[in-house]
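Subject: Structure for your files

Hello,

Here is the structure you were waiting for. My notes follow below it.

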Number of protein chains: 2
Amino acid sequence: MAEYRTLTAAELAAEKERLETAYRHIQQQGLKLDMSRGKPSPEQLDLSMGMLDVLTSSDILACETGADVRNYGLLEGIPEARHMFADLMEVDADEVFVGGNSSLNLMYDTVARNMQFGAAPGETPWGRQGTIKFLCPVPGYDRHFGVTETFGIEMISIPMSPTGPDMDLVEQYVNHDPAVKGIWCVPKYSNPDGYTYSDETVRRFAALKPAARDFRIFWDNAYCVHDITDTPDTLLNLMDECKKLGSEDMVYIFSSTSKISFSGAGVAAMAMSRRNLAWAKKFLTMQTISFDKINQLRHTLFFRNKEGIRAHMEKHRALIKPRFDLVLGMLDREIAGLGIAEWTRPNGGYFFSLNVLPGCAKRVVALCREAGVVLTGAGASFPYGVDPQDSNIRIAPTYPSLQDLEKAAEVLCLCVRLAAVEKLLSQANAA
Amino acid sequence: MAEYRTLTAAELAAEKERLETAYRHIQQQGLKLDMSRGKPSPEQLDLSMGMLDVLTSSDILACETGADVRNYGLLEGIPEARHMFADLMEVDADEVFVGGNSSLNLMYDTVARNMQFGAAPGETPWGRQGTIKFLCPVPGYDRHFGVTETFGIEMISIPMSPTGPDMDLVEQYVNHDPAVKGIWCVPKYSNPDGYTYSDETVRRFAALKPAARDFRIFWDNAYCVHDITDTPDTLLNLMDECKKLGSEDMVYIFSSTSKISFSGAGVAAMAMSRRNLAWAKKFLTMQTISFDKINQLRHTLFFRNKEGIRAHMEKHRALIKPRFDLVLGMLDREIAGLGIAEWTRPNGGYFFSLNVLPGCAKRVVALCREAGVVLTGAGASFPYGVDPQDSNIRIAPTYPSLQDLEKAAEVLCLCVRLAAVEKLLSQANAA
């Protein structure tokens, strides 16, 4: 079919009628499909079931120093877990703090700590500095934006490109506005675009000269080993680049096994300079006695090391890649050439971005929902839930079965076309 | 031996010399014993090893609603865990939030939430009301006081008695001072006295008419099923009493399995009115996606219900009671009758209080430490770490083996006597 824009009003009307008939037909099928969240599929979770067998009642539950992991103690995590995450996050083991099951919780706590107590000894708490601001590369991760919104932090959108956030803008804000205290980054396979920051972008991050001494980069490396193609992206090591310039206190790095082992029962970690970690631990030691070290031991026994994790991720890839391929292939066949949408094609991660005609994202999501297919809410990937273009839709293809996903992708393509033809027809009629 | 106070200076000097000789002898043994924290012994932790076998790779990891506990979701915990804690905490299941492994973390988060966002919709955050205050029954739990001190909350000591905190004082503060926002309570087998609040005390708590609408009782029921004698204490249900009077929004209840299953890898929960829980969840949903539900399922499968927990606690009792008996028996034999110390004799919990001659607690702890026996720091059970009498020592007899404990108790008794004789002798010499 020709590009929609080249169609006459009559041709658009005919196409609309055809699509509406197909839509009504699909509505009658009573579908109940979910592509809304970046959830691993049950088959992915099955990959880690062996972890339930590595510790039994006949095992001795000691970490490598001999400490009993069942009891209190070891606030910063068992040594072998700190080492495993150090390898994964490419930092030193004594820069790693291993927490509970949620890296989001570590990020929330880090924002909360800085709001309440300040980012470093002697710094005024963020919460007592009037209006403070975070930079938010967009589209980005809705839960990041949820944290900053909850704390009343003003959010400034920074456009993303395939090489990362617009660094001219980032430098302009960070280096000149002392109210800018942070930036949210998913540097590898970004949520939702699936972009990986270029080496130059990482170097420019390390070289920032913040107007605020208490500015911090929240580097959420959630997808560090989550490749899905034969040409995986590589991410330059931000901590190393910072150390070359003496700017390592500017960085908090987060990671977890939520999309490696169990999304509800994994292990999360954060890494930061020894100075930052000493400051954080001053409060963490008041917050809890220790996190779940048995689960930490379970993870290190099951994965052993980074190589073990890499081998495990190959199995995830075998389940995830066909799902990405299916939805991307359907878009290629059904939508490409119509001039009504563009999409990213990541080498890893959990999402890709589908950008429909401006003003159509909400309509597509609504049409899908009414046909039984739940997508991430339009606008969710933007601060305050508002996509100024109403164009971006986050596609999360990992959770449904291939059979369900095929159906969901069909519905998606149909709704993208229908929303586009509705818009173009109303423009044609108004002209 | 006669009461020390009745001895002449010469008799005291002779006793001192005898004790010092014994002390030097013990110092040469190079002991390394720890009675400092309320840690379960390895044998206690062994009681729950079966929990590691209830979920294996061949099991289906679904909760009672069929939801996959391995994946994201169910922020407030799996239904069966909410039910189990509801039974344990004597509240309704929909008043329960099941969290991670640490009830201290739930308490810290609750204080942090109220500091940052206020205790209820429309209330000014605690952190923006100038100086606010917490009442602290003393002696009390050092980690409670650590949380309030960290947040800069002024702490007011309230004397404890065998029936609970001095309720006249509590009412005077709570009902008249709007800056008083909270009180820390360990209502059953209090840390460190082992006292249980009387029915009248609980009723007076429920009947408080706080000057501050955002006043909250932090009811840390850590030892709700931790009986160690045939005459266990019973605690009136505060939530029920509050509901009779419509004051249920005043109460946060906390509990955990840290001293039921694994202290480092248990499950913690909090209970509060539906209104309070809805407010808390508004922020918890920003903080994390969900806590570790596999560990929640492990616990409910292993314990089944409150009766299962009660049966399990009998096994703990069999290990704990001899330890309490040993130390208390040693004190009875070595110290009673000398008029130099008093101690509590709880029906449960993890601690008892040893109150030595005023001005002697720090000395006893130092003497013990120098003889290789670590006690909780003197003053730890008081706000800001200062016991105005320098008299209270928290005794935690659960962790050491009986053999080690006998040695440690010997050292303790010797040091209590030595510190007393030092003091009395210096008084006699000064007279």
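**The sheet in chain B**

In chain B, 3 strands make up an open sheet in the order β10-β11-β13, and the pairing is antiparallel. Two strands count as paired if DSSP finds at least two bridges between them. Helices (H or I, at least four residues) and strands (E, at least two) are DSSP runs, numbered from the N terminus. β10 (341–343) and β13 (392–395) of chain B are at the edges with a single partner strand each, so one side of each has no neighbour in the sheet. On average, neighbouring strands of this sheet are turned by 20° against each other, direction ignored. Axes here are lines fitted to C-alpha atoms, for helices over the stretch in contact, and angles run from 0 to 180 degrees between N-to-C directions.

This is a predicted model: local features need pLDDT of at least 70, side-chain atom pairs count only at pLDDT 80 or more, and totals for chains, interfaces and linings use all residues. Residues are numbered from 1 along each chain as its sequence is written, while chains are lettered from A and ligands numbered from 1 in the order in which they are written.

Strand β11 (residues 352–356) of chain B pairs with β13(B) over 4 bridges, in the antiparallel sense. Within that pairing, B:Phe352 has B:Ile395 of β13(B) as its bridge partner. Helix α12 (residues 361–370) of chain B packs on the sheet and touches β11 and β13 of chain B. The direction of α12 makes about 45° with that of β13(B).

**The sheet in chain A**

Chain A has an open sheet of 3 strands in the order β10-β11-β13, also with antiparallel pairing. Its edge strands, β10 (341–343) and β13 (392–395) of chain A, each pair on one side only. In chain A, 4 bridges join β11 (residues 352–356) to β13(A), and A:Leu354 stands opposite A:Ile393 in β13(A).

**How the chains meet**

In the interface, 45 residues of chain B are in contact with 45 residues of chain A (contact: C-beta atoms, placed from the backbone, within 7 Å). On the chain B side, the elements giving two or more residues include α2 (42–46), α9 (274–287) and α10 (293–303). The largest share, 6 residues, comes from α4(B).

Chain B can be laid on chain A by a turn of 180° and a shift of 0.0 Å along the axis, with an RMSD of 0.0 Å (least squares on the C-alpha atoms of residues with pLDDT of at least 70 in both). That is the relation of a two-fold axis. Of the interface residues of chain B, 100% are also interface residues in chain A, so the copies meet through the same surface.

Regards

Key:
Two residues are in contact if their C-beta atoms, placed from the backbone, lie within 7 Å.
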